[in-house]
Amino acid sequence: MRIVIALGGNALLRRGEPMTAENQRDNVRIAAQQIAQIAPDNELVIAHGNGPQVGLLALQGAAYKEVEAYPLDVLGAQTEGMIGYLIEQELGNLLPYEVPFATILTQVEVDANDPAFQHPSKPIGPVYTKEEAQRLAAEKGWSIAPDGDKFRRVVASPRPKHIFEIRPVKWLLERGTIVICAGGGGIPTTYDEDRKLSGVEAVIDKDLCSALLAQELDADMLIIATDVNATYVDWDKPTRKAIAQAHPDELERLGFAAGSMGPKVMAAIEFARNTGKDAVIGSLSDIVAIAQRKAGTCVSIVEPGIRYYP
């Protein structure tokens, strides 16, 4: 199968962990151990989050006073290279030498008039206490929002329209390459009135971009790997239930939090509807079973209704 795997932020940095290179490599190694098991019989494309990494680079840049801090699109490009390097190396240590890898810096078009620019909502960077967040917002002009019992910076999250590097990704796949691309949802770019392309201060949702990527690649499956084993209803209640399989229409009716499972569910719904193929949301540690449709929440148009795990 041709599979697009969207690695959540937990694959790179767990909540509360210091953002050291060593910690990130350790977490990438765990992800690589799972992905390597399904590599021999499948064509793989790997996308990933980058929120903490972009936030770290932004903080480091702000500490250097000689020049203005670099914009988010440039920081996004930097993280694509850094994270792609870690994934390539850790997967390469597990797979035969003959397996080729490539990390593609991926520009993604967004609409300059997307209403998301008026309502920043995408969290990036580390978590702060309320006092720290308020101080940084005042100093840097950031928008901030609650994240659990902490706070994070939020930026605009416009919808992805087009992936510019889709052709070279296809060429590499056809030659047996494992491709890492669309990191952090890709580098947000837009055309001006003269049809000149430039970056914008935003972060594209990684899961929505992964769904578009999977659709444009005619993938057989989209795997959205996160830190829970399935999508749940009544998540924070004693009545919570894990969804085994759901038709997109049924899943859409349930409603999920915009800051957590919501984008993943939306991405899975869009891919299933637009392609007729399956999208599965599940745990990073279950990737092998997910690829076999034995774990996670499968979003599919094949069966009506919704089915829960026992």
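In strand S15, Asp278 is the bridge partner of Met221, strands here being DSSP runs of E with at least two residues and helices runs of H or I with at least four, numbered from the N terminus. The model is a predicted one, in which local features need pLDDT of at least 70 and side-chain atom pairs count only at pLDDT 80 or more, while totals for chains, interfaces and linings use all residues. Residues are numbered from 1 along each chain as its sequence is written, and side-chain values use heavy atoms, with hydrogens and water left out.

Strand S12 (residues 221-226) runs parallel to S15 (residues 278-283), to which 6 bridges join it, and 5 bridges link S12 in parallel to strand S1 (residues 2-7), pairing requiring that DSSP find at least two bridges between two strands. Within S12, Ile224 stands opposite Ala6. Of the 6 residues of S12, 6 are buried, that is, under 20% relative accessible area, whereas exposed denotes over 50% and partly exposed the range in between (1.4 Å probe, protein chains only). Met221, Ile223 and Ala225 cover one side, and Leu222, Ile224 and Thr226 the other.

Thr79 lies in helix H3 and counts as buried because its relative accessibility is 0%. Its side chain reaches the backbone oxygen of Gly76 at 2.8 Å. Apart from neighbours within four places in sequence, Thr79 is in contact (heavy atoms within 4.5 Å) with His48, Asn50, Gln53, Val54, Leu57 and Gly84.

Tyr70, by contrast, is placed in the loop between helix H2 (51-63) and helix H3 (72-92), and counts as exposed because its relative accessibility is 51%.

Definitions and conventions: A polar contact is a pair of N or O atoms within 3.5 Å; within protein, one must be able to donate a hydrogen and the other to accept it, and residues adjacent in sequence count only if both atoms are side-chain atoms.
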